[in-house]
Amino acid sequence: MKTNNKRSLTSRLAHKIIFLENVTESKIEDPIWQEKCQSFAEILPLSECNYMNLEGFNFGNFITEEYYLFRIRYLEGLNKNMRIGYHTKLYSLKRIVNVQERNRMLNIIAHEIV
């Protein structure tokens, strides 16, 4: 039975994403985004029908059209100052949740940068 869970998790983490970090030394300079690490993710758009089911997330009055949930295996060193690159789109990180504080999975709420 555990094997089936691993296969289903592997099949869900099908999208290769890149985490970008600003490497400029001062906030006055224009940001220079460099790749920090890569991961595979499950990407889900957050809409009215599914974001309410996410336990522990409070969106208040957000319009959720451009918000996405990225589920990845645990990676150390991620922070909200980073960005996610996926194909030609960029996303700013809004919240990073270590699922059940077990260092196995991360849920990342990100907003598409238009």
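The dialogue below turns to the sheet and then to one residue within it.

Tutor: This is a predicted model, in which local features need pLDDT of at least 70, side-chain atom pairs count only at pLDDT 80 or more, and totals for chains, interfaces and linings use all residues. Residues are numbered from 1 along each chain as its sequence is written, and side-chain values use heavy atoms, with hydrogens and water left out.

Student: In what order do the strands of the closed barrel run?

Tutor: Strands are DSSP runs (E, at least two residues), numbered from the N terminus, and two of them pair if DSSP finds at least two bridges between them. Here six strands form a closed barrel in the order E1-E2-E3-E6-E5-E4, with antiparallel pairing.

Student: How many bridges join E4 to E5, and how many link E1 and E4?

Tutor: Strand E4 (residues 83-86) is joined to strand E5 (residues 89-98) by four bridges, and Ile84 stands opposite Tyr91 in E5. E1 and E4 pair over three bridges, also antiparallel, with Arg83 in E4 as the bridge partner of Leu20. On E2 (residues 33-45), strand E1 (residues 15-22) has eight bridges; Glu21 faces Gln34 there.

Student: Is Gly85 buried or exposed?

Tutor: Buried means under 20% relative accessible area, exposed over 50%, and partly exposed in between (1.4 Å probe, protein chains only). Gly85, in strand E4, has a value of 11%, and is therefore buried.

Student: Which residues are in contact with Gly85, leaving aside its neighbours within four places in sequence?

Tutor: Contact means heavy atoms within 4.5 Å. With those neighbours set aside, Gly85 touches Ile17, Ile18, Leu20 and Leu90.
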